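Dear colleague,

I am passing on the structure below, and after it I set out what was found. Please read the notes with the structure open beside them.

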Amino acid sequence: MNKKMIGLDVGTSFLIASTKKNNKEVYNIQRDCYFIIPEGNKRAIKIAESSGGNFIYNKDRGEYYLIGQDAINFANLLSTFLDKDEVDRNAEIQLKRPMSQGVLNPKDKLGAQMLEILLEGVIEGVVDDVLATGEGVVFFSVPADPVDGDYNTIFHSSRIEQKLEALGYEPHSLNEGLAVIYSEAPSVIVDGEEIPFSGLGMSFGGGMINVCFAYRGMSLLEYSTSRAGDWIDEQVAKVTNTPISVITKYKEDNLDLATEDLTSNEMLNALHIFYDNLIKYVLHHLKRELSGMDERISYEVPIVVAGGTSRPKGFVELFKTRAEKEDLPFTIKEIIIPKEPSYAVSKGCLVAALAEGEEEEEEEIVNKPSIDEEDSS
Amino acid sequence: MWRIRNKTANIVLIDDLGISLKAYQDFDLDLLGRDKSENSSQLASFLNRGIIENIHKEKREVETNSSIEINSLITNSVRDAMTAFTQEFFSKMSEDVSQGIINGFTGVLKEKFLENLSIELPNLNNDVGFDEISVYETQAAILKGKEDLSSNFEQIGQKQEIDSSDDIAEQLRKIKKERKNK
């Protein structure tokens, strides 16, 4: 049976499903957020409906949820009429996220259900035909447990696994940092031999930064930090007294970390400061996690830097500068930037799914009886 | 459960099981399957050489063909997390710790679990044992607040196509095959 192989990046900021069709990688991207409009607010509903947006309706609570980019646009529109303090005081007029710091919150029942609907919609977007149960395999990304938080990822990964099974897919989880390694296939040279799928994979996401040290496609070390892209937005929002949704949009559209002209713009200045702080924080934890080793790593290590938070211009140069100053227990061979840093996790999951699919096909060919055996029976 | 520990300050890679252990890390081999672990020559070698030690190995469970099989990551990991935590906690106390303190502590844990479950399963009997609690946690997770949601879409998202000429998946498949054949 020809199964559909799907990669799925389940991120705090974006859900990205991917598959391969006719020698092309197809990515379907959906922002992972929603905005609540109470049923009683008929005018707001009319405006939102006429914009052609996607909705979810909650009959129990009498609420409409605008989703994705429409939600952000609506939130930004509101913030032009209201000040930041008013937005902060009223939870019901804030942008909502099903996930926080990289995982589902077990206490947020609605968030979990919202995520499930979004997951279904984003996977449907890459699958043209309606699949029967068992005709699809999904490798989905999961974060490692954080070194700086006291929550674990078990509820999150099992909930997603249950949902994918309910949709009829065969789910497999894949560590996000390892997915980045699979996406770019870096290699190390040990005793003259090239060892593929080896090196450091770093996924700079919105809710978490995931790090994986891999060797020959296997994870030797994996961890995450809960300080990531969202943390930058929150800190900048605090110091500049600007709503977070405005910061997020500015960061994605305008930020250039290589620019030297920081004095002209308070938001730009703040973004620089907190990006620098984040990079130092991640490298500090990397050094700490590797500190248990007795010896320095003898071979040069490539580092794959991926994820939406790594996209701003100048990020990689800043990262390289800080990494060289940190005195890590290895020499950096090269820093690899994926062609599409935001898609690397999804691509890595897709690579894992395709590798699994090809293995299954080979087993089927091996196990198929030969023509002679069929004739004699 | 079959719990092992990496006794060294280095990362240990058990290639034929496909796992790696951080310095001093514990791991439950039953998560991979008892047969697979017992047939691992690398594991046997590490145990012989004292690089890895056995912490606890339960008798092999008899497998059943029950059609009602509760297979939940939450169930196993809750049990594992509880066991690991209590083992670590009590290993640091003196050997004179009485069974009464242990029973009291597990009673507190049980109360906490039941408190969390009572929202989804209000008729839950307070006399349930620890093993049963993890089963009910699974059920509660499934029943959790199915609010009546409906959407005006089947598909969402913005699509982008990228030319793909690399054979990375094939390279990964070869690596995995080499590992399996070892």
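Predicted model: local features only at pLDDT ≥ 70, side-chain atom pairs only at ≥ 80, totals over all residues.

Residues are numbered from 1 along each chain as its sequence is written, chains are lettered from A and ligands numbered from 1 in the order in which they are written, and side-chain values use heavy atoms, with hydrogens and water left out.

The interface

The contact (heavy atoms within 4.5 Å) takes 68 residues from chain A and 49 residues from chain B. About 5,400 Å² is buried between the two chains, and carbon and sulfur atoms give 52% of that area; buried area here is the accessible area (1.4 Å probe) that two parts lose on being put together, summed over both. Between chain A and chain B the count is one salt bridge, that is, a side-chain nitrogen of Lys or Arg within 4 Å of a carboxyl oxygen of Asp or Glu, and it joins the side chains of A:K24 and B:D163 at 2.9 Å, N to O. On the side of chain A that touches chain B, α4(A) gives the most, with 11 residues.

Chain A and its cores

Chain A has 12 helices and 17 strands, taken as DSSP runs (H or I, at least four residues, for helices; E, at least two, for strands) and numbered from the N terminus. Of its 377 residues, 57% count as buried, which means under 20% relative accessible area, with exposed over 50% and partly exposed in between (1.4 Å probe, protein chains only).

The largest nonpolar core has 47 residues, such a core being a set of buried Ala, Val, Leu, Ile, Met, Phe, Trp, Tyr and Cys residues joined through side-chain atoms within 4.5 Å. Helix α9 (residues 266–290) of chain A gives the most to this core, with 12 residues. A:L286, listed among the residues with the most contacts inside the core, touches A:L200, A:V211, A:Y223, A:L328 and A:F330, not counting residues up to four places away in sequence. Apart from this core lies another, of 34 residues, including A:L8 and A:F155.

Salt bridges within chain A

Over all chains the count comes to 17 salt bridges. One of them joins the side chains of A:E25 and A:K347 (3.8 Å, N to O); because A:E25 lies in strand β3 and A:K347 in helix α11 of chain A, the pair ties together parts that are 322 residues apart in sequence. Both A:E25 and A:K347 are buried.

A:R97 and A:D230 also meet in a salt bridge, at 3.0 Å, N to O, and here A:R97 counts as partly exposed at 29% relative accessibility, whereas A:D230 is buried, with a relative accessible area of 14%. Finally, A:D276, A:K280 and A:R322 are linked in a network of salt bridges.

With best wishes
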